[in-house]
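Here is a short briefing to read alongside the model. Please keep the viewer open as you go through the points.

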Amino acid sequence: MAQTIHRGIKTLLDEANREIEAIKAPDLIASMKDENILIVDLRDPREIEREGRIPGAFHCPRGMLEFWLDPASPYAKPAFQQDKKFIFHCASGWRSALAAKTAQDMGLKPVAHLDGGFTAWREAGGPIERVEPHKPKT
C-alpha cells in the first residue's frame with residue numbers, strides 16, 4: 001500500500017524558506033573572507049570529490065548535522081560551538097534550507113543558507129577548490 005505524505009517536501013521547503021535567511025552567491029563570495037562566517041558544506045563526500053568545494057568550507061554530512069550541533073552529543077564538533085554566522089550549502093539549496101531551519105530550531109544562531117547552493121556558487125564565479133578522491137585503505 002502506498003504511503004500518504006501529509007507534509008511533503010514542497011511544504012517543508014516553503015516553511016523553511018519563510019523562516020531562514022537565504023544568501024545569494026555573489027553576496028557570499030564578497031564576504032567569504034569574513035572570519036565571523038563559517039560556510040558549512042552538507043553534500044555527500046562523492047559530490048565534493050566530483051564537483052569540488054568552497055575553499056575553507058567545513059564539511060558536515062547532512063545525516064550528522066543534529067548530532068554535530070548539539071554540545072551534549074558525544075558527536076558534537078567544536079566548529080559548531082563557535083560564535084559565528086553559519087551558512088549552510090548543498091548542491092541546489094534544498095538540503096541546506098532544511099538544515100538551516102533545523103539548526104535554527106535547535107538554537108544555533110545566526111544561520112542562513114546559500115540560495116541555489118553550490119550550483120549558484122559555481123555559476124556566480126565563486127572560487128572552487130578541487131578535492132582528491134578518497135582512496136580506501138587496503
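Ring pairs join Phe58, Trp68, Phe80, Phe86 and Phe88 into a cluster; rings of Phe, Tyr and Trp (its six-membered ring) pair if their centres lie within 6.5 Å. This is a predicted model, in which local features need pLDDT of at least 70 and side-chain atom pairs count only at pLDDT 80 or more, while totals for chains, interfaces and linings use all residues. Residues are numbered from 1 along each chain as its sequence is written, and side-chain values use heavy atoms, with hydrogens and water left out.

**Aromatic rings and charges**

- The structure holds five aromatic pairs. One of them, Phe67 with Tyr75, is edge-to-face, at 6.3 Å centre to centre and 85° between the planes; planes over 60 degrees apart count as edge-to-face, those under 30 as stacked and the rest as tilted.
- Phe67 is partly exposed because its relative accessibility is 41%, and Tyr75 is partly exposed at 47%. Here buried means under 20% relative accessible area, exposed over 50% and partly exposed in between (1.4 Å probe, protein chains only).
- Phe80 and Phe88 make a stacked pair, with 6.5 Å between centres and 15° between planes. Phe80 counts as buried because its relative accessibility is 3%, and Phe88 is buried at 0%.
- The charged end of Lys77 sits over the ring of Trp68, 4.7 Å from its centre, and Arg43 lies over the face of Phe118, 4.2 Å from the ring centre. For such a contact, NZ of Lys or CZ of Arg must be within 6 Å of the ring centre and within 35 degrees of the ring normal.

**Nonpolar cores**

- The largest nonpolar core has 20 residues, and those with the most contacts inside it include Val40, Leu65, Phe80, Phe86 and Phe88. A nonpolar core is a set of buried Ala, Val, Leu, Ile, Met, Phe, Trp, Tyr and Cys residues joined through side-chain atoms within 4.5 Å.
- At least two residues of this core come from each of α1 (9–19), β2 (37–41), α4 (65–69), β4 (85–89) and α5 (94–106). The element giving the most is α5, with four residues. Helices (H or I, at least four residues) and strands (E, at least two) are DSSP runs, numbered from the N terminus.
- A second, separate core of 13 residues has Ile37, Ile87, Ala112 and Trp121 among its members.
- Leaving aside neighbours within four places in sequence, Leu65 is in contact with Leu42, Cys60, Phe80, Phe88 and Ala99; contact means heavy atoms within 4.5 Å.

- Five strands form an open sheet with parallel pairing, in the order β1-β5-β4-β2-β3; two strands pair if DSSP finds at least two bridges between them.
- The edge strands, β1 (21–23) and β3 (58–59), each pair on one side only. Two bridges join the parallel strands β2 and β3, and Asp41 stands opposite His59 in β3.
- Helix α5 packs on the sheet by touching β4 and β5 (111–114), and its direction makes about 175° with that of β5. Axes are lines fitted to C-alpha atoms, for helices over the stretch in contact, and angles run from 0 to 180 degrees between N-to-C directions.
- Ser96 lies in helix α5 and counts as buried because its relative accessibility is 0%. Not counting residues up to four places away in sequence, Ser96 touches Leu42, Phe88, His89, Cys90, His113 and Leu114.

**A cis peptide bond**

- Most peptide bonds are trans. The bond from Lys109 to Pro110 is cis, with omega near -10°, and Pro110 is placed in the loop between α5 and β5.
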